[in-house]
Amino acid sequence: MDFLEIPSRTDLIEFHPGVELGVQLYLKRDDLIHPDISGNKWRKLKFNIEEAKRRKASTLITAGGPWSNHLAATAASGRLLGFKTIGFIRGEEPNAWSDTLRFCKDQGMKLIFIPRKDFDQLPNSVSHLLLDYMPALPAGRDAYFIPLGGENELGVEGCKEMMAEINMKVDYIALAVGTGTTMKGVAASVPEKRIIGFSALRESTQHSASFLHWVKEHPQLSLTHEYSFGGFAKSCPELENFIVEFHLQNKIRLDPVYTGKMMYGLFEMMKKGKFGKGDHIVAIHTGGLQGIKGFPDLHNRLFTS
Ligand SMILES: Cc1ncc(COP(=O)(O)O)c(C=O)c1O
């Protein structure tokens, strides 16, 4: 797809607490893949979209919260690649729509709001949502379902391509973790590398048992919740000041839900001496910048400075 910046580039980060120790930090800039389909979102969508094409589906259906990066990326991909899109949104329709929902609608996505209690009971598949909420649609024939967050085997396949684009010494990989799909793909492509996953969730029980089991089975992988700042999409001045400072120094914007927490955690680990002279760390910028509008103060500080 010639409208995507793939392979994404890898930047050397000049300002970080490990500089004096001789630690080298790089950031894989998947946030630059596309203004509207950035980061791991495209990686997880790529093979799902190929599969949808193979099945001759006309419609992509997925689900997410009102600020979901995945919904926004699916809506934009659908518009660019000629699919109709339908998004099931967690929660009743709000009086004021989030910027993400307005964006999705502008891309042509049909939005269907589902009360939280119903939405949260769903397994990680939207197929029976379709049956319950849209009985008129010819389920399964014309529509292709992409699970919440792009969490499926095809999503993992797409994430395997990230590290294949990197041709340098790598001792550690750092990435933000939600569903764990990205971590699975990256780990599968470089099974010998140490990967530090920074969870965006408050505690391990919020991840699926199978994901936690998989992490435990692989000694080269670690998952920390220490830098989740109270849980999913929770922010605070300390985190936001860090993101602003990182931008001032390194001229790269991070988001407060995923990549800001990852980088904050990585900096803290550097300060604690977890890495040594000559260690090369590649952190992955998994995108998510569209969601900053949900944090108006941070948005102003990042986009007007
Ligand atoms: C910007 C961003 N980074 C990281 C993640 C975490 O990815 P995963 O759900 O594959 O663990 C997400 C969620 O998909 C995300 O939107």
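Is Ser8 buried or exposed? Ser8 is buried, with 24 other C-beta atoms within 10 Å; the cut-offs are 20 or more such atoms for buried, 12 or fewer for exposed, and partly exposed in between, with C-beta atoms placed from the backbone. Bear in mind that this is a predicted model, where local features need pLDDT of at least 70, side-chain atom pairs count only at pLDDT 80 or more, and totals for chains, interfaces and linings use all residues. Residues are numbered from 1 along each chain as its sequence is written.

**Around Ser8**

- Ser8 sits in the segment before β1 (10-13); strands here are DSSP runs of E with at least two residues, helices are runs of H or I with at least four, and both are numbered from the N terminus.
- Leaving out residues up to four places away in sequence, Ser8 touches Lys28, Arg29, Asp30, Leu32, Ile33 and Glu165, where contact puts the two C-beta atoms, placed from the backbone, within 7 Å.

**Domains and the ligand**

- The protein chain is assigned domain 1 (10-35 + 159-304) and domain 2 (40-150), with bounds from an automatic or database domain assignment.
- Their C-alpha centres lie 26 Å apart, and 17 residues of domain 1 are in contact with 14 residues of domain 2.
- On the side of domain 1 that touches domain 2, α7 (161-164) and α8 are the elements giving two or more residues.
- Both domains give residues to the shell around the ligand, so the ligand lies between them.
- That shell has 18 residues, and the closest are Gly178, Thr179, Tyr258, Thr286 and Gly288; a residue counts as near if its C-beta atom, placed from the backbone, lies within 6 Å.
- Two or more shell residues come from each of α2 (69-81), β7 (172-177) and α8 (181-189), and α8 gives the most, with three.
- By class, the shell has four nonpolar, 13 polar and one charged residues.

**Helix α11 and the cores**

- Ten of the 13 residues of α11 are buried, so the helix is largely enclosed by the rest of the structure.
- Its buried residues include Lys261, Met262, Tyr264 and Met270, and their cover includes β7, β8 (194-199), β9 (221-224), α10 (237-250) and β10 (280-284).
- Just after α11, Gly273 takes a positive phi of about 80°.
- Met262 touches Ala174, Leu175, Ala176, Phe198 and Ala283, not counting residues up to four places away in sequence.
- Met262 is also among the residues with the most contacts inside the largest nonpolar core, which has 46 residues; a core is a set of buried Ala, Val, Leu, Ile, Met, Phe, Trp, Tyr and Cys residues joined through C-beta atoms within 7 Å.
- Apart from that core lies another, of 27 residues, among them Trp42, Ile49, Ile61 and Phe88.

- Most residues other than glycine have a negative phi.
- Ala233 has a positive phi of about 65°; this residue is in the loop between β9 and α10 and counts as partly exposed, with 16 C-beta neighbours inside 10 Å.
- Lys251, in the loop between α10 and α11, has a positive phi near 60° and counts as exposed, with 10 C-beta neighbours inside 10 Å.

Conventions. Nonpolar A, V, L, I, M, F, W, Y, C, P; charged D, E, K, R; others polar.
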